[in-house]
Amino acid sequence: SMTTNGPHIKIQASPFFLLSRSVEQSDSDIKETAKLFADQIIPAGVAVHLCADVQGYIPPADLDSRMTMRARRVMRNSGIQSFEFDASDAVMVYGKSQSFTFGKADSLQFAAYDKGKAVKDKNELALWLPVWAQSDQFDADYSVWRFEARFHHSVVEQFARGSGFKALSLSDLAPHLSGLWAYALNNFRFDDSPTYINPFWQWLRDDLHFYHVQKLDIKYQRAYKAAILDGHPSDKSVSICFGQLCSIYRKKKLSIDQAADCLFYSGLWDLLCSMYQKRGKTPDDVLLVLAEKIESPRVHKFKKAA
């Protein structure tokens with residue numbers, strides 16, 4: 001028998017759980033479920049997946065190469081179909097361009113995939129057909145594509161700090177879902193040209209409202225924990241430590257992704273993010289510097305002049 005409470009309880013709510021309840025009822029039922037496992041229940045944070053199911057539009061087969069993202073990408077071969085990776089962004093393409101995944105699961109991730117095929121493969125037609133039929137526009141002869149933004153709970157916390165709202169429960173987050181969705185589709189953006197966003201993508205980004213709540217007049221931005229406070233290391237100390245770590249990673253011949261994982265858990269990550277943000281830069285810049293520092297130094301040989 002369990003006699004002591006654990007540090008936390010994670011409850012994952014299915015789409016059907018959420019679709020059959022209001023926001024308030026969802027929070028209430030989640031809380032009652034948590035009480036089965038612990039006595040002291042205090043909401044501590046929430047992760048959220050937002051999606052739109054669409055008929056009449058199929059993304060291009062080369063969506064992965066045409067998607068605009070902030071960080072550079074490095075192509076890697078894989079047993080999937082293709083896999084692109086850098087320390088902060090990953091792109092995976094499954095099958096015959098039936099599924100695209102951008103970003104990392106422990107951060108902000110975006111996916112586009114053939115939901116109709118996935119539903120058939122998982123034998124879930126009986127579950128999803130009634131949901132799609134509610135629109136009065138569903139046509140069984142057309143494929144259904146799902147566009148999905150996945151926010152890790154740590155990313156939701158960053159938005160709450162950076163944009164000035166509370167995000168400990170679904171009720172807290174509900175008014176901001178349309179804004180977060182728009183942020184995700186601008187962060188992973190399908191552009192027809194360097195100056196022209198794809199019209200469908202713009203509609204998807206700007207015209208979809210979750211729980212019928214329009215995007216609030218808030219500039220949604222992420223803020224990492226302020227780490228440079230009294231008693232904390234100076235920027236100079238952080239920079240020196242970062243350089244020493246990179247030197248160790250390089251000598252151990254770690255790959256970029258291995259070095260990034262080590263840095264995330266080193267205790268230095270929040271300090272670096274805070275320092276770089278004060279300079280008008282982003283965490284992506286930290287990772288780009290990491291990649292540059294762990295590359296083996298080039299040795300140039302010059303022939304002696306005769």
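Because the model is predicted, local features were considered at pLDDT of at least 70 and side-chain atom pairs at pLDDT 80 or more, while totals for chains, interfaces and linings use all residues. Residues are numbered from 1 along each chain as its sequence is written, and side-chain values use heavy atoms, with hydrogens and water left out.

The largest nonpolar core, where a core is a set of buried Ala, Val, Leu, Ile, Met, Phe, Trp, Tyr and Cys residues joined through side-chain atoms within 4.5 Å, holds 40 residues. Buried here means under 20% relative accessible area, exposed means over 50%, and partly exposed lies in between, with a 1.4 Å probe and protein chains only. The members that touch the most others are Phe147, Phe151, Leu173, Trp181, Trp201 and Leu204. At least two core residues each are supplied by strands 1 (48-54), 6 (99-102), 7 (108-114) and 8 (145-151), and likewise by helices 6 (153-163), 8 (177-187) and 9 (199-206); these elements are DSSP runs numbered from the N terminus, with helices (H or I) of at least four residues and strands (E) of at least two. Helix 8 gives the largest share of this core, six residues. When neighbours within four places in sequence are set aside, the contacts of Trp181 (heavy atoms within 4.5 Å) include Leu50, Phe147, Phe151, Leu204 and Phe210. A second, separate core consists of 21 residues, among them Phe242, Leu245, Cys246 and Leu271.

Strand 6 and strand 7 are paired in the antiparallel sense over four bridges, pairing being assigned if DSSP finds at least two bridges between two strands. The two strands form a hairpin with five residues between them, and Gly103 in the turn has a positive phi of about 90 degrees. Within this pair, Phe102 stands opposite Phe110 of strand 7. In a regular strand the side chains alternate between the two faces of the sheet. In strand 6, Ser99 and Thr101 point one way and Phe100 and Phe102 the other way, and all are buried.

A further open sheet comprises three strands in the order 2-9-10, paired antiparallel. Strand 2 (67-68) and strand 10 (196-197) are its edge strands, as each pairs on one side only. Strand 2 is joined to strand 9 (residues 189-193) by two bridges, and Met67 stands opposite Phe190 of strand 9.

Finally, Gln40 lies in the loop between helix 2 (23-34) and strand 1, and it counts as exposed because its relative accessibility is 67%. Gln40 is 32 residues from His8 in sequence, and their C-alpha atoms are 9.9 Å apart in space.
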